[in-house]
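Subject: Structure for your files, with notes

Dear colleague,

Here is the structure I said I would pass on. My notes follow below it.

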Amino acid sequence: MPRNTIEPAERTLPRPPSDAAGQRESTSWLTRVPPLVNWPVVFVIPFVIVTLLVIVYPVLYGFWLGADPSLYTSLFSDSTYLHSVWNTFVFVGIGVNLKLALALVLSGFFALGNWWIRALLAVCILPWAIPSVPAFLSIHWMLDPQWGMLNTLLGDLGIPSPHWLIDYPWAMGAAIAAHIWKWLPFWILIFLAARMAIPHDIYEAAAVDGATGLKRFFWVTVPMLSNVYLTSTLLSTIWTLSDFNTINFITGAGPADSTHVLATLGIRYAFNVGSVDQGVAVALTALPVVIPLIVILVRRLGREGA
């Protein structure tokens, strides 16, 4: 029998598929997927769903609750609401400006770089690092007119003890001071980082021109930090407008609801009084101020990022 003769059974055996053929078979289903259904779309679907549930739906539901014009008619005739608007301007105006001004000045001290100054900076960060609720509750009990530690110390020194939580000026001042104490370390770190980014060549050139001390601060530091300062002011204003913890845990909106701000008054109407739509209406009245601030902040961040 000749050697080159091949049995018929051997010719019918299937050949194993090559790697290229196997890859074509495994990926062939992707070619049948419609063009709009691709991996980027699939991965973004969970984000869209979460955004709709967590952001869009609550916002639209809030606008629906506060859509009744009679809610705003009753608000604008409510003396507590009108006084809360004034308190909000006082709390935000004094708190934000004094806090950022102090942070700018203190950042220059902490920029000196000595070892004991760095250790002091670590201690000064603690008010910002600790949780807000226990910190403010501690301050509240320190200011207690009868048993508070501060009034006890002042009494031992023979100094008349102010009525911290009983008189409106003292209560409002205590809340503003607590807010500054809590958030001042954060803004010190922001301005300290901005100071460290200023090239030393600019200060050396200013020193050659005879600018020393306060002149370097006003003619070099302030212009170089102006953009950071303005952006920080916008951001701090937005945060302070929604600050609920300070007033709630320092003064409890007392005495006699005289230290309410919009953030605490809305919670009072919604949960204490049981009028959710009235509480939402209080929050919505702040939007004419909040929305322009957010727009300006986003535009500034966009220009700086570009």
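Why are Trp183 and Phe186 separated by about one helical turn? The two residues are three apart in helix H10, so about one turn of the helix lies between them. Helices are DSSP runs of H or I with at least four residues, strands are runs of E with at least two, and both are numbered from the N terminus.

Before the rest, the conventions. This is a predicted model, in which local features need pLDDT of at least 70 and side-chain atom pairs count only at pLDDT 80 or more, while totals for chains, interfaces and linings use all residues. Residues are numbered from 1 along each chain as its sequence is written, and side-chain values use heavy atoms, with hydrogens and water left out.

Aromatic residues

The search of the whole structure returned 14 aromatic pairs. Rings of Phe, Tyr and Trp (the six-membered ring for Trp) pair if their centres lie within 6.5 Å; planes under 30 degrees apart count as stacked, over 60 as edge-to-face and the rest as tilted. Trp183 and Phe186 make an edge-to-face pair, because their ring centres are 6.4 Å apart and their planes stand at 90 degrees. Trp183 is partly exposed, at 25% relative accessible area, whereas Phe186 counts as buried at 17%. Here buried means under 20% relative accessible area, exposed over 50%, and partly exposed in between, with a 1.4 Å probe and protein chains only.

Trp187 and Trp239 form a tilted pair, 5.9 Å centre to centre with 40 degrees between the planes. This pair links distant parts of the chain, with Trp187 in helix H10 and Trp239 in helix H12, 52 residues apart. Trp187 is buried, with 2% relative accessibility, and Trp239 is partly exposed, with 40%.

Pockets

Rolling a probe the size of a water molecule over the atoms shows where empty space is left. A pocket is an open set of points on a 1 Å grid over the protein atoms alone, reached by a 1.4 Å probe, with protein on both sides within 12 Å along at least five of seven lines; lining residues have an atom within 4 Å of a point. Grid points are joined across faces, edges and corners, and a volume is the space filled by probe spheres set on the points.

The largest pocket has a volume of about 410 Å³. It is lined by 13 residues, of which Gly108, Ala111, Arg195, Tyr203 and Thr221 are the closest to its centre. Helices H10 (168-196), H11 (200-208) and H12 (214-241) each give at least two residues to this lining, and H12 has the largest share, with four. By type the lining holds seven nonpolar, four polar and two charged residues. Ala, Val, Leu, Ile, Met, Phe, Trp, Tyr, Cys and Pro count as nonpolar, Asp, Glu, Lys and Arg as charged, and the others, Gly among them, as polar.

For the second largest pocket the volume is about 310 Å³. Leu241, Ser242, Ala263, Ala283 and Ala286 are the closest to its centre among its 15 lining residues. H12, H14 (262-273), H15 (276-284) and H16 (287-305) each supply at least two of the lining residues, and the largest share, six, comes from H14. This lining has twelve nonpolar residues, three polar and no charged.

The H13 to H14 loop

Pro255 lies in the loop between helix H13 (245-250) and H14, and the peptide bond from Gly254 to Pro255 is cis, with omega near 0 degrees. Ala253, in that loop, has a positive phi of about 65 degrees although it is not a glycine. Ala253 is buried at 4% relative accessibility, while Ala256 is exposed at 78%.

A buried asparagine

Asn87 lies in helix H5 (residues 79-110) and is buried, with 0% relative accessibility. Leaving aside residues up to four places away in sequence, Asn87 touches Tyr168, Met172, Ser258, Thr259, His260 and Val261. Contact means heavy atoms within 4.5 Å.

Regards
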